[in-house]
Amino acid sequence: MDLLNGKIKSLYFKYLSAAFGSALISCIYGVVDMAMVGQYHGPNGTAALAVVAPVWNIIYSLGLLMGIGGSVIFSTKRGSNAVHDGSEMQYFTVSVMGSVLLAILSWVGIFCFEQPVLTFFGADESLLVMAETYMAPILWVFPLFLFNQMLAAFLRNDNDPGLATLGVLSGGIFNIFGDYFFVFTCDMGIYGAGLATAIGSAISFVVMLTHFVKKTNTLHLVKPNRILRKLREITVTGFSTFFIDVAMGILTVLFNRQIMKYLGTNALAIYGPIINVSTFVQCCAYSVGQAAQPIISTNYGAGKGSRIRETLRFALWTTAFFGLFWTALSMAVPKLYIRIFMTPTDEILAMAPGIIRAYALSFLLLPLNIFSTYYFQAIMKPSAAFVVSVARGLVISGALILILPTVVGADSLWYVMPVTELVVMVYVVAMMKKETAALPERE
């Protein structure tokens, strides 16, 4: 695939189909787990997995930090006519080194501090036991979740988006069938869901490693120089994508604690499905960003602004479609979400529609705001991406979560994200217009 001269429409939709499959199946890990566990254990099982959700946000985000940060620079240097020194491979090597370091630190951390971490994430005594049971098999392969994110990013930028998708599909499909087999057939309950997820991640990792024995592979390890400087560049470039997932974990913790404080366990059980649907919406946004990023980064390095603008138009139409689709679906069938993820009580069924419809207003703008971070990163504007990710993921949303319940009432918690996305969208549109108008156009 010629990212510098090929037809943009064909390139974009080829990358989108691969990225969408990869992002969608990766979301299924948590969604299928929650659905199976909710059906087996009821609302308490769903609430326990809501407590575990921030753990996924953290480990995935660390993989994206190294993967997106490194691969953006990798493609930009590869696309630049001025660079022929193979320096892009140094960024791949440093990304691998950074991933290994972060994997070791996170692995040690979760082994040593699992109980206090889960308690901090909102688990009470009853939920803690279930959450620890789910995590037991996952702990043994915990670093693979980080490595899979990093590898997928580089495979997409090394003209192998299909294998990245196949890797995630293989693990995801096993997870779907493995969940049912272990949870129900083997009667393992929540432990079985964790076991299926652990094995699925290992399958994905092995499949993606086959890229390195292909003749088309250009990725290889080299001896890097100025390692700390390159690690800093990768971290700065990838920080916004990293923070999106970290922020989702932070927000989940804040929501969990505020919901338990003001609204109780039933509301938290409803919030679990909302988080999983929101993750689906977020994965759709990831797919748009991951499809556009290699094309934009490579053409930015080559100074081809018109090709970047054309890619941007396709991406914006795609984010609009996803936003409308998920908002409309949530408004139309809110109880469907609840029935998928648990065997609900009458009280939960009565509470759920109003809560889901309020929160789902945020889905309209969420794809645009998340895609914008990929776009700003791809055109080497990490400061704009930083503002978007931190504002929506912590500053505005975090302040509203803490303030609104005390000022307006507990039910205002469900409007935090719609208000946040609206405010952030204003900044996104303004900066997108400004930076797109200033794109270079090299002859």
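A residue counts as buried when its relative accessible area is under 20%, and by that criterion 61% of the 443 residues of this protein are buried. The model is a predicted one, and the protein it shows has 15 helices and zero strands.

**Overall dimensions and contacts**

- The radius of gyration of the protein is 21 Å, which agrees with the value near 22 Å that a compact globule of 443 residues would have.
- Taken along the principal axes, the box filled by the C-alpha atoms is roughly 65 × 45 × 35 Å.

**The largest nonpolar core**

- The largest nonpolar core holds 146 residues, and the members that touch the most others are Tyr134, Met135, Phe255, Tyr271, Tyr375, Phe376 and Trp414.
- Helix H9, which spans residues 265-301, supplies the largest share of this core, with 19 residues.
- Leaving aside residues up to four places away in sequence, Trp414 touches Ile259, Leu263, Ala267, Tyr271, Ile274, Ile355, Ala358 and Tyr359; Tyr271 is itself listed with Trp414 among the core members that touch the most others.

**The pairing of H13 and H15**

- Helix H13 (residues 366-378) and helix H15 (residues 416-437) have axes that come within 10 Å and cross at roughly 40 degrees, and the crossing is left-handed.
- On the H13 side, the contact is made by Leu366, Leu368, Asn369, Phe371, Ser372, Tyr375 and Phe376, while H15 contributes Glu421, Val424, Met425, Val428, Met431, Met432, Glu435 and Thr436.
- Sorted by class, the residues in this contact comprise 10 nonpolar, three polar and two charged ones.
- Tyr375 and Phe376, both part of the H13 side of the contact, also belong to the core members that touch the most others.

**Two loop residues with positive phi**

- Asn159 is found in the loop between helix H5 (142-157) and helix H6 (161-185), and its phi is near 60 degrees, a positive value in a residue other than glycine.
- With a relative accessibility of 37%, Asn159 counts as partly exposed, because that class covers values between the 20% and 50% limits.
- Met380 lies in the loop that runs between H13 and helix H14 (382-407), and the phi of Met380 is likewise positive, near 60 degrees, in a residue other than glycine.
- The relative accessibility of Met380 is 31%, so Met380 counts as partly exposed.

How values were computed: Residues are numbered from 1 along each chain as its sequence is written. This is a predicted model: local features need pLDDT of at least 70, side-chain atom pairs count only at pLDDT 80 or more; totals for chains, interfaces and linings use all residues. Side-chain values use heavy atoms; hydrogens and water are left out. Axes are lines fitted to C-alpha atoms, for helices over the stretch in contact, and angles run from 0 to 180 degrees between N-to-C directions. Helices (H or I, at least four residues) and strands (E, at least two) are DSSP runs, numbered from the N terminus. A crossing is left-handed if the near helix is turned anticlockwise from the far one by less than a right angle, and right-handed if clockwise. Contact means heavy atoms within 4.5 Å. Ala, Val, Leu, Ile, Met, Phe, Trp, Tyr, Cys and Pro count as nonpolar, Asp, Glu, Lys and Arg as charged, and the others, Gly among them, as polar. A nonpolar core is a set of buried Ala, Val, Leu, Ile, Met, Phe, Trp, Tyr and Cys residues joined through side-chain atoms within 4.5 Å. Buried means under 20% relative accessible area, exposed over 50%, partly exposed in between (1.4 Å probe, protein chains only). The radius of gyration is taken over C-alpha atoms; the globule rule is 2.2 Å times the number of residues to the power 0.38.
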